[in-house]
Amino acid sequence: LKLAFCCCICLISCLERCLKWLTDYAFVYVAVYGTPFITSGTKVLELLASSGVGAIAQQTLVTPVLSLAALLGAGCGGALGYTAHEITGISRYHHSVGILVGASVGYFLTLLGRAPVDAGSKTLFVCYAESPRELASKSPKLHAKLREGAPLTPKDTSGMVQP
C-alpha cells in the first residue's frame, strides 16, 4: 500500500512539473502576443506538436546551467561569509555560521538574477519557433546563430526553413 501511494505521489509530482512547464510557456505567449491564457495554452500545445524537440532541448540545456549558476553563487557567498568572519574577528560564533549565512544570501541573490535569464530564453525560443522568418529579417545574425543548431522545423528541398 505504501509503494502504491509513493507511485501515485511520484506521478502527481511529474504531472505538476509538466503543467508548470507548460504554464511558463503559456505566460510567454500572454506577454508577447497578448492572447488570453487558455488560447496561449492551446498555442503552447500546438508549438510542442510542431517543434517539441526544440522546447525540450532548450529546457534541458538552460536549466542545468542556471542551476549551476545558483550553486556557484552559493559557493561565492559562502566564501565571502567565511572571509567576513575572519576579517571581523568575531570569535564567539563558529565559522560555519558565516559560511551558512553567506551561502544562503549568495544563493538567493543568484536566484533573483536567474529568473529573467530563464524567462528570456523561453521568450526567445517561442518567438523563434513561431516566426523564424521575421527574426531573419529583423536580426539576421541572431537567426543565423540559432539556425546553426538544430532547426525547429523541417527543411524543404531548397534548404529554406518552412514556416
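**View A. The lining of the second largest pocket.** Cys-14, Arg-17, Cys-18, Lys-20, Trp-21, Asp-24, Gln-59, Asp-118 and Lys-122 line the second largest pocket. The elements that give two or more residues to this lining are α1 (2-33) and α3. Helix α1 gives the most, with six residues. Sorted by class, the lining holds three nonpolar, one polar and five charged residues; here Ala, Val, Leu, Ile, Met, Phe, Trp, Tyr, Cys and Pro count as nonpolar, Asp, Glu, Lys and Arg as charged, and the others, Gly among them, as polar. The volume of the second largest pocket comes to about 190 Å³. A pocket is an open set of points on a 1 Å grid over the protein atoms alone, where a 1.4 Å probe fits, with protein on both sides within 12 Å along at least five of seven lines; lining residues have an atom within 4 Å of a point. Grid points are joined across faces, edges and corners, and the volume is the space filled by probe spheres set on the points.

A word on the model itself: it is predicted, so local features need pLDDT of at least 70 and side-chain atom pairs count only at pLDDT 80 or more, while totals for chains, interfaces and linings use all residues. Residues are numbered from 1 along each chain as its sequence is written, and side-chain values use heavy atoms, with hydrogens and water left out.

**View B. The whole chain, for orientation.** The chain has five helices and zero strands, and from the N terminus on its elements run α-α-α-α-α. Helices (H or I, at least four residues) and strands (E, at least two) are DSSP runs, numbered from the N terminus. Of the 163 residues, 25% count as buried. Buried means under 20% relative accessible area, exposed over 50%, and partly exposed in between (1.4 Å probe, protein chains only).

View C. The structure holds three salt bridges, each one a side-chain nitrogen of Lys or Arg within 4 Å of a carboxyl oxygen of Asp or Glu. Start with Lys-20 and Asp-24, whose side chains meet at 3.2 Å, N to O. These two sit four residues apart in helix α1, so about one helical turn separates them. Lys-20 counts as exposed at 52% relative accessibility, whereas Asp-24, at 22%, is partly exposed. Asp-24 also forms a salt bridge with Lys-122, with the closest N and O atoms 2.8 Å apart. That pair links distant parts of the chain: Asp-24 belongs to helix α1 and Lys-122 to helix α3, 98 residues apart. Lys-122 has another salt-bridge partner in Asp-118, the closest N and O atoms being 3.3 Å apart. Lys-122 and Asp-118 are four residues apart in helix α3, so they too are separated by about one helical turn. Through shared partners, the salt bridges join Lys-20, Asp-24, Asp-118 and Lys-122 into one network. Lys-122 itself counts as buried, at 4% relative accessibility.

**View D. A nonpolar patch on the surface.** Val-97, Val-101, Val-105, Leu-109 and Leu-112 form this patch, with about 470 Å² of accessible area together. Patches are made of residues with over 30% relative accessible area and no salt bridge: like charges are joined within 9 Å, nonpolar side chains (Val, Leu, Ile, Met, Phe, Trp, Tyr) within 5 Å. Accessible areas come from the Shrake-Rupley method with a 1.4 Å probe, and for residues only the protein chains shown count as cover. Val-97 lies in helix α3 (residues 95-130) and is partly exposed, with a relative accessible area of 40%.

**View E. Gly-73 and Ala-103.** Gly-73 is in helix α2 (residues 37-88). It is buried, with a relative accessible area of 13%. Gly-73 and Ala-103 are 30 residues apart along the chain, and 7.4 Å separates their C-alpha atoms.

**View F. Leu-135 and Leu-124.** Leu-135 is found in helix α4 (residues 132-138) and counts as buried, at 16% relative accessibility. From Leu-135 to Leu-124 is eleven residues in sequence and 10.0 Å in space, C-alpha to C-alpha.
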